[in-house]
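These are my notebook entries on a structure that I had not examined before. I record here what I looked up, topic by topic.

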Amino acid sequence: MAALAPLPPLPPQFKSIQHHLRTAQEHDKRDPVVAYYCRLYAMQTGMKIDSKTPECRKFLSKLMDQLEALKKQLGDNEAITQEIVGCAHLENYALKMFLYADNEDRAGRFHKNMIKSFYTASLLIDVITVFGELTDENVKHRKYARWKATYIHNCLKNGETPQAGPVGIEEDNDVEENEDAGATSLPTEPPQPSSSSTYDPSNMPSSNYTGIQIPPGAHAPANTPAEVPHSTGVTSNTIQPTPQTIPAIDPTLFSTVSQGDIRLTPEDFARAQKYCKYAGSALQYEDVSTAVQNLQKALKLLTTGRE
């Protein structure tokens, strides 16, 4: 991809979007779609902050030039031309990064890449707002990821051992100041699993910390992608299965065949995909009830056109 013209110095008024712009630069080669939407978010946010002072107008003008150049380069990419595809691309990328950091955290592996992944996931959830309001689930993801990044960063900085796993949000901190010192040197993409690695549920660490039983996903939402980095060299405690109440399954769904006159819209397909994604996410946390409920919703929508 052709190099973009550099931006002028960031005006102080735009400090709140500096990390989104940095994330855009980090993804120019790695994932241009993510880079494009990070800049679009920065542009929209910057316009709301200050579009009148000369330095801000100059900066936004150059940022607009970058956006136009990117849009030309990505003109045939559906993630740019179709909002539904773009939103799904960004959301899946953010959630994959969140899951990587969450798995590392639950396994007690605390390091800079994990901290950066938590924080970058929260930034990308900010970016999802270019498509509209966030779901409650994404709001929870963002708050949890940003808090975790701050908490673990501060623990390591002070020579303390962080408490692993979802222990609850004690403070609504922001990590911008903490990230300023070394954010540019921290990797942002979670390591990809090798072709021979597979997801092994037995390697998932226990969610029972300090004697407090935390329901799966209670603080770390379970909306995750299918591909999970393999946990190597970590032995988790034996987890006793917890009895679960499985919701009654509508027997008509077993024999339902889609009627020929049903016209599903792109929005219907997008909602069905989300239900399936939520089901897969719930299974990562062994939440069978939620998985079954979402699969039933997806099947009903696809076969009847109604929810």
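**Entry 1: the second largest pocket**

I sorted the lining of the second largest pocket by residue type and found five nonpolar, two polar and six charged residues. For this sorting, Ala, Val, Leu, Ile, Met, Phe, Trp, Tyr, Cys and Pro count as nonpolar, Asp, Glu, Lys and Arg as charged, and the others, Gly among them, as polar. The lining comprises 13 residues, and Ile 84, Cys 87, Ala 88, Ala 270 and Lys 274 lie nearest the centre of the pocket. Helix H5 (83-106) and helix H10 (266-284) are the elements that give two or more residues to this lining. I noted a volume of about 320 Å³ for the pocket. A pocket is an open set of points on a 1 Å grid over the protein atoms alone, where a 1.4 Å probe fits, with protein on both sides within 12 Å along at least five of seven lines; lining residues have an atom within 4 Å of a point. The volume is the space filled by probe spheres set on the points, which are joined across faces, edges and corners.

**Entry 2: basis of the values**

I note that this is a predicted model, in which local features need pLDDT of at least 70 and side-chain atom pairs count only at pLDDT 80 or more, while totals for chains, interfaces and linings use all residues. Residues are numbered from 1 along each chain as its sequence is written, and side-chain values use heavy atoms, with hydrogens and water left out.

**Entry 3: overall make-up**

I found 11 helices and two strands in the protein. Helices (H or I, at least four residues) and strands (E, at least two) are DSSP runs, numbered from the N terminus. Along the sequence the pattern reads α-α-α-α-α-α-α-α-β-β-α-α-α. Of the 307 residues, 46% count as buried, that is, under 20% relative accessible area with a 1.4 Å probe and protein chains only; exposed means over 50%, and partly exposed lies in between.

**Entry 4: Leu 7**

I located Leu 7 in the segment before H1. Leu 7 counts as partly exposed because its relative accessibility is 24%. Its C-alpha atom is separated by 6.0 Å from that of Lys 62, 55 residues apart along the chain. Leaving aside neighbours within four places in sequence, Leu 7 is in contact (heavy atoms within 4.5 Å) with Leu 21, Phe 59, Lys 62, Leu 63 and Gln 66.
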